[in-house]
Amino acid sequence: MFRLGFGRRLWWCTVSGMLMGLLMASSASAGDGVDPAISDRSLHLEQKTLPELRGMLDRGEVTSEQLTRFYLARIGALDDQGPTINAMLDLAPGAIARARMLDRHRYEGGHGPLYGIPFVVKDNVDVKGLPTSGGSMVLSHAYPKDSAHMVQRLERAGAILLGKTNMTEFAASYGEPGYSSRGGITRNPWRLDRSVLGSSSGSAAAVAAGFAPFSIGTDTEGSVRGPAHAAGLVAMRPTLGRVSRDGIIPLAMSFDTPAPMTRTVQGNAWVLAAMAGRDEHDDATWFNDRAPLKGLDPVPVPEKSTPLQGMRVGVIEHREAGNAEIEAHFAHALKRLKALGATPVRATLERHYLDLWPTAVGPVHQAEFQPQLERYLRQFDQGQPHTLKEIMRRCEALNQHAGKHPPVTPRRIRGMQYRLNERLEGSPAYLEVVSRRLPELRERLAQFMADNHLDALVFPTEACPAPPLTDGKHSDYECTTREPFALGYIASATGFPELTMPMGMTRAGVPVNLSLLGGERQEAVLYRMGLAFMQDVADDKTLSLPAMAPLTDPGRASATLDRRSP
């Protein structure tokens, strides 16, 4: 076990074996000393959504301690052993003790919907007491002085942190999304030989595999929306500034934002409402006092057969298709939206909105990464790297001993070298993009939506399904476009919110998602539309939902290439 070490692995084998013994036992009597809420498999806790767990906790059918023990046991059995999803990197000390404390105070009143609910968070987010490594061995001992602002908000809301998730190393894939030198490759729980994309790979896989009811990732250029699409989850990339970026390893702060992943729209709204708020350390959040999130508990959806009556969705023309099955699911999704009362209309965007990477997103990413990363690294003590050049040197040194851990991808090291050679922040080209082009993109899209009376733009989240982990031809995989995520860059470049949610399953057994892009600070509108769509989907058994990934056959993992190996 590369990422946990022998001592940690031995500990997990012992503890998870004990806990799974409880989980797999038949229902025991009270006299046996086994908690019936854990031993009774009929509860199917791994399949419960956040709202369902909220109801079970409120009714006293399960406790937060039982939930926490259940998820920890499941992680031990299916992540570190069995199919080895490789979703988790570190576990939070004291999670069970915190759950026990919250149980004692449960009936004091005044608690929100996340009280006593476990969650996991991406490894580029600061958590006091755990390293913030960005998935890299070179930062495996980088301990922050405090937790990120949004982690503190979630814990104040009563959520229980279980641990930190694997991610694409430093959030830049260079051809290997979901791979890191700390955790190796994260597998897609729906099909272990498929990618879960990146960079929030572990956060998506953890929820899909039933390791936690919700997770937090970060989205710069699709790092949450892509994995949500691959894992069949609901995710919201919020308006830029809705959630603080304080305490998060930056990639490009012109685009960076934390984002929640869940299995339901209502649960997602609850999490975002708890995360969001003004932070004096992030001036992008200062609008929150004037535009707080409202109406998310529950998401308001009219109780009628056409709850989206009067709403208009723009269907983007001239977009590039990449997969016939996704196009068929998208056509069916448009019919559903129309049946719910929404009016789909043609939306002909200016051509440059369909090709934003080379003209806007890419140049900003390239310019901002190094200086912003180095400012973040200043918080760590002298034993840790403080420059990109030092990180690169340590990566090269680690690769000389890669037998003890997965290697750093050579292409990632070359990408770091490129950043060292190109000092772009402050250049005329960069300033032109951030001071003129990005504001213009926001203003022109907002005007386009207003002129056409559009509540949202609608499109497939990605043009292709989750790809295979191995190179070569695969008879059950089709992708005919070089840029499956082209439309996802619109939300990144404008800072507008985008909701992604499941719209179906491919014949290969992986989910595919639908996206709704709204106007600035219009998350509540998107949630309303998403909840109506998902409720309608749930009533139609012909369209599968991501209920629970098929993890009952660990033998499938044996034939999967383990790219953690040197």
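Mentor: Let's start with Val315, which is buried because its relative accessible area is 18%, and buried means under 20% (exposed is over 50%, partly exposed is in between, with a 1.4 Å probe and protein chains only). Keep in mind that this is a predicted model, where local features need pLDDT of at least 70 and side-chain atom pairs count only at pLDDT 80 or more, while totals for chains, interfaces and linings use all residues. Residues are numbered from 1 along each chain as its sequence is written, and side-chain values use heavy atoms, with hydrogens and water left out.

Val315 sits in strand E11, residues 312–316. Helices (H or I, at least four residues) and strands (E, at least two) are DSSP runs, numbered from the N terminus. Leaving out residues up to four places away in sequence, Val315 touches Phe330, Leu334, Pro344, Val345, Arg346, Ala347 and Val458; contact here means heavy atoms within 4.5 Å. Take Ala347 from that list: it is 32 residues from Val315 along the chain, yet their C-alpha atoms are separated by 5.3 Å.

Now zoom out. The protein chain has 16 helices and 15 strands, and 60% of its 566 residues count as buried. Among contacts between residues at least 6 apart in sequence, 77% join residues at least 24 apart.

On to the nonpolar packing. A nonpolar core is a set of buried Ala, Val, Leu, Ile, Met, Phe, Trp, Tyr and Cys residues joined through side-chain atoms within 4.5 Å. In the largest one, of 87 residues, Leu154 and Phe214 touch the most other members. Click on Phe214: beyond its neighbours within four places in sequence, its contacts include Leu50, Leu114, Phe119, Leu154, Val207, Met261 and Val271. Apart from that core lies another, of 31 residues, with Leu441, Met449, Leu454 and Phe496 among them.

Charged pairs next. A salt bridge is a side-chain nitrogen of Lys or Arg within 4 Å of a carboxyl oxygen of Asp or Glu, and the structure holds 26 of them. One joins Asp123 and Lys164, at 3.2 Å from N to O. That pair links distant parts of the chain, 41 residues apart: Asp123 is in the loop between strand E2 (118–122) and helix H6 (149–156), and Lys164 is in strand E3 (residues 160–165). Both partners are buried. They also belong to a network of salt bridges that takes in Asp90 and Arg182.

Another bridge runs from Arg237 to Asp219, with the closest N and O atoms 2.9 Å apart. Arg237 is in strand E9 (residues 234–237) and Asp219 in strand E8 (residues 215–219), so this pair ties together parts 18 residues apart in sequence. Arg237 has a relative accessible area of 0% and is therefore buried, and Asp219 is buried at 0% too.

Arg394 is partly exposed, at 27% relative accessible area.

Then there's the largest pocket, with a volume of about 1,200 Å³. On a 1 Å grid over the protein atoms alone, a pocket is an open set of points where a 1.4 Å probe fits, with protein on both sides within 12 Å along at least five of seven lines; lining residues have an atom within 4 Å of a point. Grid points are joined across faces, edges and corners, and the volume is the space filled by probe spheres set on the points. The lining comes to 42 residues, and Ser173, Tyr174, Gly175, Pro177 and Leu197 lie nearest the centre. Helix H8 (225–231), helix H11 (356–377) and helix H13 (410–421) are the elements that give two or more residues to it, and H11 gives the most, with four.

The peptide bond from Gly198 to Ser199 is cis, with omega near 15°, and Ser199 is in the loop between strand E7 (191–195) and helix H7 (201–208). Asp297 and Pro298 are also joined by a cis peptide bond, with omega about -5°. Asn86 isn't glycine, yet its phi is positive, near 65°, and it counts as buried at 0% relative accessibility. His453 has a positive phi as well, near 55°, but at 58% relative accessibility His453 counts as exposed.
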